[in-house]
Amino acid sequence: MGVLFIQCVHGYLLMITTFINHAQALRDGKNEQFRHVVEKRYSDLISRGHIAISYGLSFIPRVVEYYGDSHSSYLDAGCGQCSVVQFLVNVKKHANGVEVSESALSTSPACANLLKRGVVLHSSLMSIQFPDDSFDVVFSSDVLEHIPQQDIPPVILELVRVSKGDIFLSISLRRAGLDPKPPAPAIIHVTVQPREWWDLQFLSAGCVVNHKSLRSVLAGRSITIEPWLFSYRCGNLSSSDQGDKPNLKDSLWSSNKKCSYLMKPRIL
């Protein structure tokens, strides 16, 4: 009786394990399929001319001014058509870029030259082809909202891994203009979340909000003017380097109604 019971339990556990593994495989397959669909849509938008210039060009000069000469190496994570990387090269920074879209890289003269020189790489943010602690500043402009939500944690960990401590980025907080209206699922900005959600993702990766850099880049203006800007200090920080953990009661970072109508218009 005891042996039969053990055999039954073993068979039951084997069946449950097989079911879980099968479900995991199906989920991973669907995630991979969805990832490829999102990347193809993004490439199609670029090839049709919907994304012609990086929004990052509007604030990267302020970022470079803030970090100054002490920060000489930059990575543009999701560099699109390479305009930010080219700007950084022009102002004598050691710059690199990674971009997953072949359309972006193949349609830009700037990218062609930078690819040939090995400055820009065709690479996913899920696995950035640079060693740990490679860059003084990891920069990204309007990229993370295009990434499926299940991929956000590993992507953030990759940004943190290759950074020496500073990350500055913009993330859209609403659907793209070409996305269908709710309740239909978004197809372009597939991860749309409030500021607090993004702050908590970076907090989970060992980062703190860098209020000082945000205030400098905003030039004294309220975050409600550009609520899509984010800045973090990450990694093993000394006490003098510590920023602030997200304070959800702080009106400076709150995604309130005022922010919702001050968000910049999107080409997409």
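Let's start at helix 5. At the start of helix 5, a side-chain oxygen of Ser108 comes to within 3.3 Å of the backbone nitrogen of Ala110. That is a polar contact: a pair of N or O atoms within 3.5 Å, where within protein one must be able to donate a hydrogen and the other to accept it, and residues adjacent in sequence count only if both atoms are side-chain atoms. By helix I mean a DSSP run of H or I with at least four residues; a strand is a run of E with at least two, and both are numbered from the N terminus.

Quick ground rules. This is a predicted model, in which local features need pLDDT of at least 70 and side-chain atom pairs count only at pLDDT 80 or more, while totals for chains, interfaces and linings use all residues. Residues are numbered from 1 along each chain as its sequence is written, and side-chain values use heavy atoms, with hydrogens and water left out.

Back to Ser108. Where does Ser108 sit? In the loop between helix 4 (102-106) and helix 5 (109-116). Ser108 counts as buried because its relative accessibility is 8%. Buried means under 20% relative accessible area, exposed means over 50%, and partly exposed is in between, with a 1.4 Å probe and protein chains only. The Ser108 side chain also reaches the backbone oxygen of Gln81, at 2.8 Å.

Now Thr107. Thr107 is placed in the loop between helix 4 and helix 5 too. Thr107 has 44% relative accessibility, so it counts as partly exposed. Its side chain reaches the backbone oxygen of Ser103 at 2.8 Å. The side chains of Thr107 and Gln81 are joined by a polar contact of 3.3 Å. Thr107 and Gln81 are 26 residues apart along the chain, yet their C-alpha atoms are separated by 7.5 Å.

At the other end, just after helix 5, look at Gly118. Gly118 takes a positive phi of about 75°.

Next, the cysteines. How many disulfides does a search of the whole structure find? It finds 2. A disulfide here is a pair of cysteine sulfur atoms within 2.5 Å.

Take Cys82 and Cys111. Their sulfur atoms are 2.0 Å apart. The link is right-handed, with 105° about the S-S bond. Cys82 lies in the loop between strand 1 and helix 3, and Cys111 in helix 5, so this pair ties together parts that are 29 residues apart in sequence. Both Cys82 and Cys111 are buried.

Then Cys207 and Cys234. Here the sulfur atoms are 2.1 Å apart. This link is right-handed as well, with 110° about the S-S bond. Cys207 is in strand 6 (residues 207-209) and Cys234 in strand 7, and the pair links distant parts of the chain, 27 residues apart. Cys207 and Cys234 are both buried.

Count the bonded cysteines along the chain and the pattern is 1-2, 3-4. Cys79 is in no disulfide; the nearest cysteine sulfur belongs to Cys82, 4.1 Å away. Cys79 counts as buried, because its relative accessibility is 3%.

On to helix 2, residues 60-67. Which residues of helix 2 are buried? Ile60, Val63, Val64 and Tyr67 are. They lie on the same side of helix 2, because they cover an arc of only 95° around the axis. The arc is taken from the directions from the helix axis to the C-beta atoms. What covers them includes strand 1 (73-77), helix 3 (83-90) and strand 5 (163-170). Gly68 follows helix 2, with a positive phi near 65°.

Val63 brings us to the core. In soluble globular proteins, nonpolar side chains tend to be buried together. A nonpolar core is a set of buried Ala, Val, Leu, Ile, Met, Phe, Trp, Tyr and Cys residues joined through side-chain atoms within 4.5 Å. The largest one has 56 residues, and Val63, Leu75, Leu144, Trp198 and Tyr232 touch the most other members. Helix 6 (residues 152-162) gives the largest share of this core, 6 residues. Leaving out residues up to four places away in sequence, Tyr232 touches residues including Trp198, Phe202 and Cys207.

Last, the whole chain. It has 9 helices and 7 strands. Of its 268 residues, 47% count as buried. Take contacts, meaning heavy atoms within 4.5 Å. Among those between residues at least 6 apart in sequence, 74% join residues at least 24 apart.
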